[in-house]
Amino acid sequence: MPAKPKWARLADHIRQQIASGELVPGDKLPSTAQLCQEHGVSTIVVRQAIFALRTEGLVEGVQGVGVFVAEHPTT
């Protein structure tokens with residue numbers, strides 16, 4: 001079985017932080033640059049992970065402000 005792509009592993013990590021309560025609704029996620037540095041991944045990987053989480057309704061982006069944990073997660 002092939003390993004999960006880096007973006008999927010990062011999305012899993014953030015998903016787990018939300019599930020555990022480490023990140024709560026309204027919390028701002030670290031910036032793309034911070035996530036790149038912390039996880040040793042590229043900007044594209046971070047964007048793909050955030051896109052997946054947005055599609056699931058777990059996070060919401062605010063143009064020019066950042067990405068936040070959704071107030072009412074759909075999962």
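Predicted model: local features only at pLDDT ≥ 70, side-chain atom pairs only at ≥ 80, totals over all residues.

User: What makes up the fold, and in which order do the elements run?

Analyst: The protein chain has three helices and two strands. Helices (H or I, at least four residues) and strands (E, at least two) are DSSP runs, numbered from the N terminus. From that end, the order is α-α-α-β-β.

User: Why is the protein chain called as compact as a globular protein of its length?

Analyst: Set its radius of gyration against the globule rule. The radius is taken over C-alpha atoms, and the rule is 2.2 Å times the number of residues to the power 0.38. For 75 residues the rule gives 11 Å, and the protein chain has 12 Å, which is close, so it is as compact as a globular protein of that length. Along its principal axes, the C-alpha trace spans about 35 × 30 × 20 Å.

User: Why does Gln 17 count as buried?

Analyst: Buried means under 20% relative accessible area, exposed over 50%, and partly exposed in between (1.4 Å probe, protein chains only). Gln 17 has 16% relative accessibility, so Gln 17 counts as buried. Gln 17 lies in helix H1, residues 6–20. Buried residues make up 33% of the 75 residues in the protein chain.

User: What does Gln 17 touch?

Analyst: Contact means heavy atoms within 4.5 Å. Not counting residues up to four places away in sequence, Gln 17 touches Glu 22 and Leu 23.

User: Why does Thr 55 count as exposed?

Analyst: Thr 55 has 60% relative accessibility, so Thr 55 counts as exposed. This residue is in helix H3. Thr 55 and Pro 25 are 30 residues apart in sequence and 16 Å apart in space, C-alpha to C-alpha.

User: What label do Lys 6 and His 13 get?

Analyst: Lys 6 has a relative accessible area of 47%, so Lys 6 is partly exposed. His 13 has 37% relative accessibility, so His 13 counts as partly exposed too. Leaving aside neighbours within four places in sequence, Lys 6 is in contact with Val 41 and Val 45.

User: Which residues of the largest nonpolar core touch the most other members?

Analyst: A nonpolar core is a set of buried Ala, Val, Leu, Ile, Met, Phe, Trp, Tyr and Cys residues joined through side-chain atoms within 4.5 Å. Of its 18 residues, Ile 14, Ile 18, Leu 29, Val 46, Ile 50 and Val 59 touch the most other members. H1, helix H2 (32–39), helix H3 (43–55) and strand S2 (66–69) each give two or more residues. H3 supplies the largest share of this core, five residues. Leaving aside neighbours within four places in sequence, Ile 14 is in contact with Leu 23, Leu 29, Ile 50 and Leu 53.

How values were computed: Residues numbered from 1 in each chain as written. Heavy atoms only, no water.
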